[in-house]
Each structure stands twice: as structure tokens, then as C-alpha cells.
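I opened the notebook to record what I looked up in this structure. The entries follow the order in which I looked.

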Amino acid sequence: MTKITIVGAGISGLSIAAILPKHYDITIISRNLPGDPDSQEWASPWAGAIWLGMADSSEADQKRQLDAFAYFWNIAARYPESSVKKTDIIDIMDHIPLEKVWYRDKLPGFRILTKDELPEGAPFGVAYTSWIVTPPVFLPWMRNRLEANGVKFKRVNVRALSDLKEMGHDILINATGVGARYLEDVKDMQMTEVRGQTVLVKTNYPKIWTRRGKDYTYHLPRGDGTAIIGGIKEYGSIAKTVDPEIRKDIFRRIQEALPEAFASADPKDFEVIQDIVGIRPQRTGGARIEKEVVDGQKIIHAYGMEGGGYVYSWGMAREVLGLVNEFEFECHICDFP
């Protein structure tokens, strides 16, 4: 039986574990595990977790995104308890022309917004049906399903991949996200932290609403009467406290964007549930999805997706499965008499 160790219990590690053959002996190890109390040490629990097509994507990235769209779409249809919900989206783009919207006509209900539907000063926008995930619900749900299929979870603080060689696995999968920057025998300095700040509020506005360009603004409804509003991207920042000026500006921007849902920009007029600061991983030059053999240990690296782990998750997992199969094929050739 093929034995796999996956380092990282975020959306990438869980997706990989779920897509591998069920007869494999799979162990996920991580410092943080689904179901833990809130911690800012990892990114997946704090994500907005929607599907939003990434501009200027390579053909490989486009496939990963569409694969992830299809997998989550299926989960939404079959497992409502997972928290995954199909949701209409309005996506306003200030600096992205139609020819750069590679996913046009590839998504359900895709259409170009009319001028009457655009905010003042916005040149272009699209609408389609997407999906949204509630990570604090989804991650433990995924863990429970994986454990029911025999996947084991262990809390391990990994210093270096070489330290894991004695675990006896056939293949080690590195899905550590920004942790790849700090592993002593990886030290991928192309990985960087990107600070995000959002607010979870009560609202009945039902659609995902995003604006990319003039103001990086979004409303992400979770289908339970709450929504994540934001946002901000601060590259290289790991500050984990709430910035009051950014918080105030988030309220201003979302009120300007959706006055029909938020009548006032005064923070006191919002029903705030929680302020959120999360540190997202991102990699200069694109994702690292490749295999190598280091000191006899077969390793697959799977991290560094731009924009969001959920957008690429299952697509990257399918690619990792292909690399696992390559390692397995090489092994069987060696054993052939």
C-alpha cells in the first residue's frame, strides 16, 4: 500500500488528501488542524473562500481554477452541510478589459453588465453564478470525511522536510503555503505574506459583490445572514492587529458600493460580529507544483497559488495526483523483472 504524508492541513492539503486513491495510507501533519480554536498562524480558516477568476492567468492556472470551480460546484449540490453554496456574483473591473476575462462563457449565467448596472465611474463588469465556502464549517467537515475514509491527522511542528524521512512514507507532499519560506531545507524566498483585513457583519444582501481596481472592495455573503466585507492587501506585512483606519475605510467603501444594503458608512450602524486579520500566502513567479528526490525522499511541492487557495485547490490537487502517479509508475518500472 502506498504511504503518503502531506505536510499542511489547509485547503490545499485537504484537497490533495481527498483526491488521492482511497486505498492509500495517508497522514496529514500540521501545526494547526481543522477544528482548532481560532488562530492567525494559518490562512485557510480566515479566507473569503469564493471562486473569482484570476486575471492574466496562464493556461495551466486557468485549468486549475476551472477544475476547482467544478469540484466545489459538485460539493454544493451534493453536500449542503459542507457550507458550500452556489451564489450569484457581480464583479466590477476597473482595469481588466473583456479580452482578459478568459473565463467568459465558461461559467453558468455569464453575462456582461449593462451600463445601468455599473457603479459610477466603473467601465466594465460581469455577472455569473459562483460559489462561496464558510471555512470554519467546511474545514472540520472535510476533516471528518477524510477521517471516515481512513486519513490520519497528526499535530507536528515541522522544522525541515528532512526531519520527516523516518516516518516511512513512499511520497511526501509539501503543502505548507507560506511555511515553505521557513522550512530549513526549502527556504523558498519567493513566498511572501500578504496581510488581509476584513469584517464579518450581519446583512441580508444575497450576492457576492467585488470591485477590482479603483478600490479593492468586496461583499461575500455566507448564506446565514452574515457576510465578509473588505478588503486590503498589504504585501510583506504580518501585523495581526486590526488597523482602525483600514476598518473605517472598509465601511466607507462598502456603503458606497452597496447603498441599498448599507444605508450608512458609520461603523456604529453596522452589526459587527467579528474583525478579521489573516495572513495569506503568495508566491512571486507563480505556484510551485513539481516533484523531486532529495536524499532518497520523494517529495512533491504544492504551494504558492496566486489570489487564493480555494480558487485553485482541487485543480492543484488533480495536478499533484498526476505527479504521485508518475512517482508510482517509476517505482513499478524499477520493480519489473
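**Entry 1: H301**

I started with H301 and found it in strand β15 (residues 297-303); helices (H or I, at least four residues) and strands (E, at least two) are DSSP runs, numbered from the N terminus. I note that this is a predicted model, in which local features need pLDDT of at least 70 and side-chain atom pairs count only at pLDDT 80 or more, while totals for chains, interfaces and linings use all residues. Residues are numbered from 1 along each chain as its sequence is written, and side-chain values use heavy atoms, with hydrogens and water left out.

Is H301 buried or exposed? H301 counts as buried because its relative accessibility is 1%; buried means under 20% relative accessible area, exposed over 50%, and partly exposed in between (1.4 Å probe, protein chains only).

Next I looked up the polar contacts of the H301 side chain. One is with the side chain of N174, at 3.1 Å. Another, of 3.4 Å, joins H301 to the side chain of R288. A polar contact is a pair of N or O atoms within 3.5 Å; within protein, one must be able to donate a hydrogen and the other to accept it, and residues adjacent in sequence count only if both atoms are side-chain atoms.

I then listed what H301 touches, leaving out residues up to four places away in sequence: L161, N174, V186, R288, I289, E290 and E292. Contact here means heavy atoms within 4.5 Å.

**Entry 2**

I moved to strand β2 (residues 25-30), where five of the six residues are buried, so the strand is largely enclosed by the rest of the structure. Strand β1 (residues 3-7) runs parallel to β2 and is joined to it by five bridges; two strands pair if DSSP finds at least two bridges between them. I noted that V7 has I29 of β2 as its bridge partner.

β2 also pairs with strand β6 (residues 152-155), in the parallel sense and over four bridges. There T27 stands opposite K152 of β6.

Helix α1 (residues 11-19) belongs with β1 and β2 to a right-handed β-α-β unit. A crossover is right-handed if, with the strands pointing away from the viewer, the path from the first strand over the helix to the second runs clockwise. Eight of the nine residues of α1 are buried, so this helix too is largely enclosed by the rest of the structure. Among the buried residues of α1 I wrote down I11, L14, I16 and I19.

How many residues of β5 are buried? I counted eight of its eight, and the strand is mostly covered. G125, A127, T129 and W131 point one way from β5, and V126, Y128, S130 and I132 point the other way.

β5 pairs with β3 in the antiparallel sense, over eight bridges, and D91 has V126 in β5 as its bridge partner. Strand β4 (residues 111-112) also runs antiparallel to β5, with two bridges between them; R111 is partnered there by A127.

Strand β3 (residues 85-93) runs parallel to β9, and five bridges join them. The bridge partner of I92 in β9 is R211. In strand β9 (residues 208-212), five of the five residues are buried, so β9 is largely enclosed by the rest of the structure.

β9 pairs with strand β10 (residues 217-221) in the antiparallel sense over three bridges, and R211 stands opposite T217 of β10. The hairpin of β9 and β10 has four residues between the strands, and in it G213 takes a positive phi near 135°.

**Entry 2: rings**

My search of the whole structure for aromatic pairs gave 19. Rings of Phe, Tyr and Trp (its six-membered ring) pair if their centres lie within 6.5 Å; planes under 30 degrees apart count as stacked, over 60 as edge-to-face and the rest as tilted.

I checked W51 and Y128: their ring centres are 6.2 Å apart and their planes are at 80°, so the pair is edge-to-face. W51 lies in the loop between β2 and α2 (59-78) and Y128 in strand β5 (residues 125-132), so the pair ties together parts that are 77 residues apart in sequence. W51 counts as buried, at 0% relative accessibility, and Y128 is buried with a relative accessible area of 2%.

Last, I looked for charges over rings. The charged end of R143 sits over the ring of F153, 4.9 Å from its centre, and K233 lies over the face of Y216, at 5.1 Å from the ring centre. A charge sits over a ring if NZ of Lys or CZ of Arg is within 6 Å of the ring centre and within 35 degrees of the ring normal.
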